[in-house]
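The exercises below are meant to be worked through with the sequence and the model side by side. Try each task before reading the solution that follows.

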Amino acid sequence: MMNADDPDQKPALAAHDEAQAGAPAIVDVLAPLALDMVWSYLAPPDLALAAGDIVRIPFGSREAIGVVWAVHPPGATVGGRKLKTVSGRYDVPSLPDGLRTLLDWIARYTLAPRGQVLRLALRHPEKLPPEAPRVAVAATGRLPARLTPARRRALAALDGHDAMSRKGLAVAAGVSLAVINGLIDDGSLETRVLPDTPAPAPDPEFAPAALSDGQAGAAASLRAAVADGQFGVTLIEGVTGSGKTEVFFEAIAEALRQGRQALVMMPEIALTAQFLDRFAARFGVRPAEWHSGVSPRQRERIHAGAASGEIQVVTGARSALFLPFSKLGLIVVDEEHEAAYKQEDGVHYHARDMAVVRGRIERCHVALASATPSIESRVNAMRGRYGHLRLPERFGQRAMPRLSAIDLRKQAPPKGRWLSAPLVEAARETLARDEQALFYLNRRGYAPLTLCRSCGHRFQCPNCSASLVEHRFRRALICHHCGHAERRPDACPACGEVDALVPAGPGVERLAEEVAALFPGVPAITLSSDLAGGSERMRKELDAVAAGDFRIIIGTQLVAKGHNFPRLTLVGVVDADVGLATGDPRGAERTFQMLQQVTGRAGRGDAPGRAILQTHQPEHPVMTALLSGQSERFYAEEIAAREAAGLAPFGRLAAIIVAGPDRQATEAHAQALARAAHAAPNASGDLVVLGPAEAPLAIVRGMHRFRLLIKSARNTDLQGFLRAVLAATSAPAARIRVTVDVDPQSFF
Ligand SMILES: Nc1ncnc2c1ncn2[C@@H]1O[C@H](COP(=O)(O)OP(=O)(O)OP(=O)(O)O)[C@@H](O)[C@H]1O
Ligand SMILES: [Zn+2]
């Protein structure tokens, strides 16, 4: 794979190399290690290296992969040290300038070491076996010696076709492969190697939708923004079912007409799966799909295609942002408010925010779409920093779902049950009309807690300060934080009592049991992210739901947003209060968004929809805003509260998390950091240091966690301050890890 190893592939020497013959160029190479620095190497005399090239370098006693980050001007020397020489260059696309600028930017913003950030974009070139050639069979015109009925059918099925694959022909003719092979042996069919045809390109004129007036106005303004070819951001805020997808499709079509690429980001794989077919209906072919489940060969193709420009549209989760696009013309961030865009380990970056940064670097337009925008994007739009397009009504005169609440304090379900009588009644009516009902509960597994009735023992994770969640289907108690799993014992491990263990509270598996008992024989499906089988299986299940194969859906947040199930007319939220009392400063915003999204699944087809919230606090501002349809009021109050508290986007926040196996040593280091923070120069005088405090999830994976919060005004150099604090604190003891989280989203 390496150029340097391949005598036929010696690249031509660049002009300045020839002029400097004898004085090899010096390059700085960044390696994908959790370190901030680059290393200088000599370029091999026969290799003209450029910034972005992916190379192999001698590194200690081994070889490592790295990326040329800078090429020194000819004649430069480095400190008199004896430099090692780059071993070779990989024959894969190099990282384009825009992408390297983005990676440097992310490193500066998140404080993650540059080498660690590089890992987001660098794929280790893999040695894949050569691709099997695609072989087809074609008729030779010669009749076989013996013409059986099966052989006749096979030859007839080929009539009018140039060539077909052996398997395709066998299926088309309804014969076995042996029949086809016999015809090849007899000389009636010949095999042909098909040329490698490039993937068909999406066609912007394939099947444009007839847009509503509102959509058409929004689409025109986005098209103009894309055609303009400059950086800019637009927030597309449209109620659930308003047809935001059709609007951003027109922006994608414009990027394609301009000969530029488009990236469509979705918060999770379940959404990309459904998007593929909708895209194909509009543009004639599916877009490239990029996420962790894609095969290595496909990844390599997409990587190369993004770099060459041959792949024009990619849809994917967070990591698609780091593909080496060569002529990006549009980035769409769908469901921009989703917390899943924030990466919570390794490099703590927010993919929506970094999409805006990449858009600025690539000079392309960025469209953020949501029915329930984040407070940050909402404020940016209100202040005119972002364009703001609004679709206040559903497409096709469809009404928004009718919302009502059930006060669980007054209408509690029977003991050990979770569906109240009015909700069950509503579901019966829905099923009688041949429509679908969705029961929404954002809790995976059977029960969130297992208790001993005899002694009160609770099953806790041995590595985390968290309860074990019973998963009956997998016959295990599982920790949702570290993955620890154990068998559910017959006797209580604390008191030895047999048959005394009871599940407490519901998860979707338990809810499914209740549904089966209440609605015997009604086809139901439980959908949660535990579903085995990856994105293909997910796509099939979601298609089956959309086709109406199931009458009842029991689901977690996986089914709450983005999906379009035309026959779904009732959404029952089993526990609307989950997420309100967690101590998360974003709890209200998150709950509001989630409930708005999930209730928005109802009534998207011809029949009107309704949604029922089971709650213990119908007077909570989140519930009253939802029930009265006053999202504006909710946003106004949330924005005012954020402003008063100096939180984003009005102020800035960063967390420093210290984690270590020994509680005392960990806390001591957190305190040392706090002392350094109080002593560090605070030029603007507006920095506030809070903590250290034990994190709400005090132990995760056996590591004790302490957290400092640092608050500042919007224009303060928060990163500079954090850097100074880290530099002023002596290195932590072995095994203590310090993580910086700028703009934290999670407070556990
Ligand atoms: N112009 C159009 N012509 C035909 N059908 C349309 C059009 N616009 C939207 N629709 C249909 O309306 C439904 C809702 O559209 P879409 O899924 O784009 O909504 P959305 O705004 O993305 O909603 P959500 O925020 O809930 O995901 C879909 O079934 C879509 O096919
Ligand atoms: Zn655990």
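**Exercise 1.** Which residues does UniProt list for "binding site" in its unreviewed entry? Find them in the model, which is a predicted one, and describe their surroundings.

*Solution.* Begin with the record: the unreviewed UniProt entry gives Cys461, Cys464, Cys479 and Cys482 under "binding site". These four span 22 residues in sequence, yet no two of their C-alpha atoms are more than 8.6 Å apart, so they gather at one spot.

Cys461 sits in the loop between strand 17 (449–452) and strand 18, while Cys479 belongs to the loop between strand 19 and strand 20.

Then consider burial, for which the cut-off is 20 or more other C-beta atoms within 10 Å. Cys461 has 24 such atoms and is therefore buried, and Cys479, with 21 other C-beta atoms within 10 Å, is buried as well.

Finally, look at contacts, setting aside neighbours within four places in sequence. Cys461 touches Ala466, Leu468, Cys479, His481, Cys482 and His484, whereas the list for Cys479 consists of Cys461, Asn463, Cys464, Ala466, Leu468 and His484.

**Exercise 2.** In what order do the strands of the open sheet of three strands lie, and which of them stand at the edges?

*Solution.* The order is 18-19-20, and the pairing is antiparallel. Strand 18 (469–471) and strand 20 (485–486) each have a single partner strand, so they form the edges and one side of each is left without a neighbour in the sheet. To follow one of the pairings in detail, take strand 19 (residues 476–478), which joins strand 20 in the antiparallel sense over two bridges; here Ile478 has Ala485 of strand 20 as its bridge partner.

**Exercise 3.** How many residues of strand 25 are buried, and with which strands does strand 25 pair in the parallel sense?

*Solution.* Strand 25 (residues 610–615) is mostly covered, since five of its six residues are buried. One parallel partner is strand 15 (residues 402–407), which is joined to strand 25 over six bridges, with Arg402 bridging to Arg610. Another is strand 24 (residues 568–573), which pairs with strand 25 in the parallel sense over four bridges, and in this pairing Val573 stands opposite Leu613.

**Exercise 4.** At what angle do helix 4 and helix 6 pack, and at what angle do the axes of helix 12 and helix 18 cross? Describe the residues at each contact.

*Solution.* Take helix 4 (residues 149–158) and helix 6 (residues 177–185) to begin with: their axes are 10 Å apart and the angle is about 80 degrees. Angles of 65 to 115 degrees count as roughly perpendicular, and helix 4 and helix 6 are therefore roughly perpendicular to each other. Helix 4 contributes Ala150, Arg151 and Ala154 to the contact, and helix 6 contributes Val179, Ile180 and Leu183. By class, the contact of helix 4 with helix 6 holds five nonpolar residues, no polar ones and one charged residue.

Now turn to helix 12 (residues 375–382) and helix 18 (residues 631–645), whose axes come within 11 Å and cross at roughly 95 degrees. This makes helix 12 roughly perpendicular to helix 18. Ile375, Arg378 and Val379 of helix 12 meet Tyr635, Glu638, Ile639 and Arg642 of helix 18, and the classes in the contact of helix 12 with helix 18 are four nonpolar, no polar and three charged.

How values were computed
Residues numbered from 1 in each chain as written. Chains lettered and ligands numbered in written order. Predicted model: local features only at pLDDT ≥ 70, side-chain atom pairs only at ≥ 80, totals over all residues. Axes fitted to C-alpha atoms, helices over the stretch in contact; angles between N-to-C directions. Parallel < 35°, antiparallel > 145°, perpendicular 65-115°, else oblique. Contact = placed C-beta atoms within 7 Å. Nonpolar A, V, L, I, M, F, W, Y, C, P; charged D, E, K, R; others polar. Pairing = 2+ DSSP bridges. UniProt positions renumbered as here; feature names shortened; annotations may be inferred. Buried ≥ 20, exposed ≤ 12 C-beta atoms within 10 Å, placed from the backbone.
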